[in-house]
Amino acid sequence: MTNQFFLHNRIFLQAAILGSCLFVWGCENDPAEVNAWNEKKVMLEEAKKVEAIFSQEGNLKAQLTAPRMLRYQADTVYVEFPNTLHVNFYDSSGKLESQLDARYGKYFESRNRVFLRDSVVAYNIKGDTVRSPELWWDQNTKKFYTDKTVRITQADKRIVGGKGFEAEQDMSAYDIMEPTGTVVAPEGFAP
């Protein structure tokens, strides 16, 4: 009986050692594999031949067309237009008030702001045209702005320009922060 007791203890001891070895071997993790699991993933949605209509309280506000749109869901959700975009802006009565073209655009959803670059051109129904290498549009304030150079061609053929710009969405009023070139001053104006 003593031999059987030692035999059973010996088998139990061997099984325990073998099980411990398997347990330790099975718990070993490859650091690259662990990092891959913990890595943040960026979700990407893609659309082609995009035509989007934006409304507010049932009123048409803007219409966007673009050949390609990429929507990234990361820490900050944003939509990118890498191959040009065109936007028509409408007033409260649904009439076209201004248009915008750019070769690249990026819309930050949480901030309601659009960054535009590469041959940005914005123009209103009166014929005033703004050209800039970069332009921001704030959806909340309905204003365009930039700290880059800007050139404005007005309907009466006057051309003004400078660095830094802020304008209403319909370009009815604008400010150039650092004007350049010849500026026509009203009669009786003294610096």
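Strands, salt bridges and cores in a predicted model

Of the 191 residues in the protein chain, 27% count as buried, meaning under 20% relative accessible area with a 1.4 Å probe and protein chains only, while exposed is over 50% and partly exposed in between. This is a predicted model, so local features need pLDDT of at least 70 and side-chain atom pairs pLDDT 80 or more, whereas totals for chains, interfaces and linings use all residues. Residues are numbered from 1 along each chain as its sequence is written, and side-chain values use heavy atoms, with hydrogens and water left out.

Me: How many helices and strands does the protein chain have?
Reply: Elements here are DSSP runs numbered from the N terminus, with helices being H or I of at least four residues and strands E of at least two. From the N terminus on, the order is α-α-β-β-β-β-β-β-β-β-β-β-β. That comes to 2 helices and 11 strands.

Me: Which strands hold R68 and E46?
Reply: Their side chains meet in a salt bridge at 2.8 Å, N to O, where the term means a side-chain nitrogen of Lys or Arg within 4 Å of a carboxyl oxygen of Asp or Glu. The pair links parts of the chain 22 residues apart. R68 sits in strand β2 (residues 59–73) and E46 in strand β1 (residues 43–56).

Me: Are R68 and E46 buried, exposed or partly exposed?
Reply: R68 has a relative accessible area of 27%. For E46 the value is 46%. Both residues therefore count as partly exposed.

Me: Where in the chain is E109, the salt-bridge partner of R71?
Reply: The closest N and O atoms of E109 and R71 are 2.9 Å apart. R71 belongs to strand β2, and the two residues are 38 residues apart. E109 is in the loop between β6 (104–108) and β7 (113–124).

Me: How many residues apart in sequence are the parts that E168 and K143 tie together?
Reply: These side chains meet in a salt bridge of 3.6 Å, N to O. E168 lies in strand β10 (residues 159–168) and K143 in strand β9 (residues 143–153), so the pair ties together parts that are apart in sequence by 25 residues.

Me: Which residues have the most contacts inside the largest nonpolar core?
Reply: A nonpolar core is a set of buried Ala, Val, Leu, Ile, Met, Phe, Trp, Tyr and Cys residues joined through side-chain atoms within 4.5 Å. The largest one has 25 residues, and its largest share, 4 residues, comes from β7. Leaving aside neighbours within four places in sequence, L85 is in contact (heavy atoms within 4.5 Å) with residues including L64, L100 and L116. The residues with the most contacts inside the core are L85, L100 and F165.

Me: Which side chain of opposite charge is nearest to D128?
Reply: D128 is found in the loop between β7 and β8, and its contacts beyond four places in sequence include A122, Y123 and M171. For charge, Lys and Arg count as positive and Asp and Glu as negative, with His and the chain ends not counted. D128 is buried yet has no salt bridge, and at 4.3 Å the nearest side chain of opposite charge is K126.
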